[in-house]
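Please read the points below alongside the sequence and the coordinates.

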Amino acid sequence: MSENSFVNFWLGAAGQIKKLRSLTGAGILAAVGTVLKFVSVPVGELLRISFTFLTTAIAGFMYGPLVAGMAAVVVDILGFLIRPTGAYFIGFTVSAFADGIIYGCWLWNRPVKLWRTLCACATSTVIISFLLNPMWLQLMYGKAFLAVIAARIPTNLVLLPINTAMLFFLLKVLEPQKAKLAGAKSR
């Protein structure tokens, strides 16, 4: 990616924050994500399987990395306020924002491809599930970093193809409607 296209990408992403349709769509996705936050499956004491990533990824696909990051932050904070699970720690909010950035960088203004969807899910898994969240758990509870990662590896290896398939299907369904939903001018 050239320097000019990199700058244009981020200027375009920042421009999405000013668009009412982007904010409205992201707000709806944040509301759905907040509901989905409570539809999760606990696996051990340190790991929860959630479908919230779908709304974050769709926000990234539709509205770009910055709007998706902001929507993910809203979901994280609202989810905690509605039903706190342990102490609030801003690190998990940082993880949520980073997740929106990751999905937006991989998916926004790009055609839906299986390999791109897999890369987005894999990048999120590595950065969020294997690096950031274990680091936050270590800071909060003194859990051994490598032990947390070791506990997450089997579940995430099983979830990666499942999450990729779910997201790819949703993106393929949304792709033809993206122009209308994201706020393109229609006649």
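1. Asparagine 109 is exposed, with a relative accessible area of 55% (buried is under 20%, exposed over 50%, and partly exposed in between, with a 1.4 Å probe and protein chains only). This asparagine 109 sits in the loop between α5 and α6 (114–141), where helices are DSSP runs of H or I with at least four residues, numbered from the N terminus. Its phi is near 55 degrees, a positive value in a residue other than glycine.

2. On the basis of the work: this is a predicted model, in which local features need pLDDT of at least 70 and side-chain atom pairs count only at pLDDT 80 or more, whereas totals for chains, interfaces and linings use all residues. Residues are numbered from 1 along each chain as its sequence is written, and side-chain values use heavy atoms, with hydrogens and water left out.

3. The structure holds 2 salt bridges (a side-chain nitrogen of Lys or Arg within 4 Å of a carboxyl oxygen of Asp or Glu). In one of them, aspartate 76 and lysine 37 meet through their side chains at 3.8 Å, N to O; because aspartate 76 belongs to helix α4 and lysine 37 to helix α2, the pair ties together parts that are 39 residues apart in sequence. Aspartate 76 is buried, at 12% relative accessible area, while lysine 37 is partly exposed, at 29%.

4. Glutamate 175 also forms a salt bridge, with lysine 172, and the closest N and O atoms are 3.5 Å apart. Glutamate 175 is partly exposed, with a relative accessible area of 28%, and lysine 172 likewise counts as partly exposed, at 38%.

5. A nonpolar patch on the surface is formed by Val74, Ile77, Leu78, Leu81, Ile82, Tyr88, Ile90 and Val94, which together have about 710 Å² of accessible area (patch residues have over 30% relative accessible area and no salt bridge, and nonpolar side chains are joined within 5 Å). The elements giving two or more residues to this patch are α4 and α5 (90–107), and the largest share, 5 residues, comes from α4. Isoleucine 90, in helix α5, is exposed at 55% relative accessible area.

6. Which residues line the largest cavity? The lining consists of Leu29, Ala30, Thr55, Thr56, Ala59, Ala68, Ala71, Ala72 and Val75, with α2 (20–37), α3 (52–63) and α4 (65–82) as the elements that give two or more residues. The largest share, 4 residues, comes from α4. Lining residues have an atom within 4 Å of a point, and a cavity is a set of points on a 1 Å grid where a 1.4 Å probe fits but cannot get out.

Note on methods: On a 1 Å grid over the protein atoms alone, a cavity is a set of points where a 1.4 Å probe fits but cannot get out, and a pocket is an open set with protein on both sides within 12 Å along at least five of seven lines; lining residues have an atom within 4 Å of a point. Patches are made of residues with over 30% relative accessible area and no salt bridge: like charges are joined within 9 Å, nonpolar side chains (Val, Leu, Ile, Met, Phe, Trp, Tyr) within 5 Å. Accessible areas come from the Shrake-Rupley method with a 1.4 Å probe; for residues, only the protein chains shown count as cover.
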